[in-house]
Amino acid sequence: MVLLTNGLDPVAESLMRWIQQQADERRVDYELTRRYYGGEHDTALTDRLKKFLPPRLQFRDNFMNVVVDSLSERLSVIGYEVENEAIGQWAWQLWELNRMDYLQSVIHTETIMLGDSYLLCDWDEINQRPRWTHQMAEMIIPHYDENTREIDWASKKWIQRPRLGEEPETRLNLYYSDRVEKYVARGGVWSKYQDERDEGWPVPWVDGSGEPLGVPFIHFRNRPMGSDFGQSEILNVIPMQDLLNKSLIDMTMILDTLAFPQRYTLNVNHGSSRLDIMPGSVAEFHSEYDGGSVGQWAAASVDSPLKAIETLVQHIAGTTRTPQHLFQIMGGTPSGEALKTAESGLVQKAKQRMVGFGNSWEDAVAMALRVQEAFGPSVGDLGDDQIKTTWDDPETRNEQSHLEAMKSKLELGITKHQIWREMGYNQDQIDQMDEDVTSERAAETNIGAEILRNFQMGEV
């Protein structure tokens with residue numbers, strides 16, 4: 001790494017401070033939702049519970065991951081539709097080479113959980129192809145043009161892990177449509193720098209004719225509603241999760257102290273003066289009044305906190321449109337039409353996400369194609385063709401009913417390739433089925449010709 005300056009001009013310094021402020025504001029909600037998705041909830045035990053429960057034990061029943069995963073699990077890209085078949089095949093091959101079958105679930109989950117996630121598209125010098133990498137939302141700040149509502153530049157800020165004996169340093173890259181500017185901060189002082197492999201500063205990001213390739217970040221947003229950023233699917237139900245955890249603690253306190261009959265004596269000395277809350281123990285009380293008695297308090301019911309927990313789960317399910325049977329609180333899983341009705345809200349929510357997420361995946365392919373044309377051999381001109389993301393069916397389905405529906409669509413003239421996509425086959429499987437059909441037809445033709453030849457020769 002080569003330092004080019006020692007400090008920046010006031011305008012650049014002001015930009016660095018603005019980026020830091022934006023990152024700090026975003027990080028608060030991101031860290032909160034990450035913690036709650038992972039089950040790291042803020043809970044407080046009473047002194048009594050701390051006596052017999054280990055410090056590492058937290059009273060929580062995590063439903064935040066259910067809300068996120070129930071939606072992300074229904075979002076699965078299975079192919080791309082492009083009129084230019086060569087580009088379509090190249091795009092899907094690139095998808096597989098970048099192992100997007102796994103990475104897409106990471107991006108979908110993070111987008112739903114945090115509200116935002118990012119994909120960086122650059123050129124892989126080693127493998128000589130476009131590369132897609134997931135970027136942590138906490139590191140990225142996109143800047144949208146107010147007129148076009150597209151990203152005109154983006155920043156990535158992170159702490160570089162130091163080598164042994166070195167001080168940690170803060171790194172910052174600014175990505176524009178035609179260049180990448182790199183900075184480093186040591187001891188709070190920002191400086192320009194370039195990597196040893198960089199030919200200059202800033203690093204150009206243009207094609208062979210000097211045309212900008214575009215900002216290489218693809219922003220995935222969950223329900224942006226016109227905003228630059230998306231909205232977390234769980235942020236607004238975290239208070240319900242906190243209250244649910246509180247109800248669990250209340251129930252535990254009842255089980256600990258009141259879930260069994262407790263005996264007591266009044267003015268009867270039985271050799272104990274302490275108040276023990278243990279099954280079979282006797283609490284001893286004394287008063288200034290004459291007369292003694294022995295009695296028993298009835299066990300308390302835990303129905304109230306259980307009802308509170310059940311009600312809170314219903315609120316979480318209703319607020320997030322997550323089917324209640326996925327929380328597995330009580331009852332079984334519905335079937336048939338009841339299941340379809342129960343999951344209708346979740347399915348509709350998944351279809352809505354497919355629109356926005358699908359646009360982002362299409363932008364990722366378009367960016368990768370520009371990078372491929374700039375740094376590698378050409379795979380074709382997209383021209384005015386549209387790239388369309390193909391998704392797996394988000395509905396839980398009855399297989400027999402689904403097959404009958406597919407048969408009806410085929411009779412109505414829907415192409416077999418579209419039918420196969422709706423049945424969940426990816427592009428590789430579809431291509432293989434096409435080859436199999438061609439091979440089978442060729443084999444049948446050869447058998448027919450052989451039979452005819454034998455018949456003409458009198459051998460049949």
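Colleague: Which residues form one aromatic cluster in this predicted model?
Modeller: Look for Phe, Tyr and Trp rings whose centres lie within 6.5 Å. By this rule the count comes to 13 aromatic pairs. One cluster is formed by Tyr80, Trp92, Trp95, Trp132, Phe220, Phe357 and Trp361.

Colleague: How are the rings of Trp95 and Trp132 arranged?
Modeller: A pair of aromatic rings is described by the distance of the centres and the angle of the planes. For Trp95 and Trp132 the centres are 6.4 Å apart and the planes stand at 75°. Planes over 60 degrees apart count as edge-to-face. So the pair Trp95 and Trp132 is edge-to-face.

Colleague: How many residues apart in sequence are the parts that Trp95 and Trp132 tie together?
Modeller: Trp95 sits in helix 4 (residues 85-97). Trp132 sits in strand 4 (residues 129-135). The pair therefore ties together parts whose separation in sequence is 37 residues.

Colleague: Are Trp95 and Trp132 buried or exposed?
Modeller: The cut-off for buried is under 20% relative accessible area. Trp95 and Trp132 are both buried.

Colleague: What about Phe220 and Phe357: which parts does that pair tie together?
Modeller: Their ring centres are 6.4 Å apart with planes at 75°, so this pair is edge-to-face. Both Phe220 and Phe357 are buried. The pair ties together parts 137 residues apart in sequence, because Phe220 lies in strand 11 (residues 217-221) and Phe357 in helix 9 (residues 344-375).

Colleague: Which residues of helix 1 and helix 5 make the contact?
Modeller: Helix 1 passes helix 5 in a right-handed crossing. From helix 1 come Tyr30, Thr33, Arg34 and Tyr37. From helix 5 come Thr109, Glu110, Met113 and Leu114.

Colleague: How many residues of that contact between helix 1 and helix 5 are nonpolar?
Modeller: Sort the contact residues by class. There are 2 charged and 2 polar residues. The nonpolar count is 4.

Colleague: Last one: what share of the protein chain is buried?
Modeller: The protein chain has 12 helices and 15 strands. Of its 460 residues, the share that counts as buried is 39%.

How values were computed:
Residues are numbered from 1 along each chain as its sequence is written. This is a predicted model: local features need pLDDT of at least 70, side-chain atom pairs count only at pLDDT 80 or more; totals for chains, interfaces and linings use all residues. Side-chain values use heavy atoms; hydrogens and water are left out. A crossing is left-handed if the near helix is turned anticlockwise from the far one by less than a right angle, and right-handed if clockwise. Helices (H or I, at least four residues) and strands (E, at least two) are DSSP runs, numbered from the N terminus. Contact means heavy atoms within 4.5 Å. Ala, Val, Leu, Ile, Met, Phe, Trp, Tyr, Cys and Pro count as nonpolar, Asp, Glu, Lys and Arg as charged, and the others, Gly among them, as polar. Rings of Phe, Tyr and Trp (its six-membered ring) pair if their centres lie within 6.5 Å; planes under 30 degrees apart count as stacked, over 60 as edge-to-face and the rest as tilted. Buried means under 20% relative accessible area, exposed over 50%, partly exposed in between (1.4 Å probe, protein chains only).
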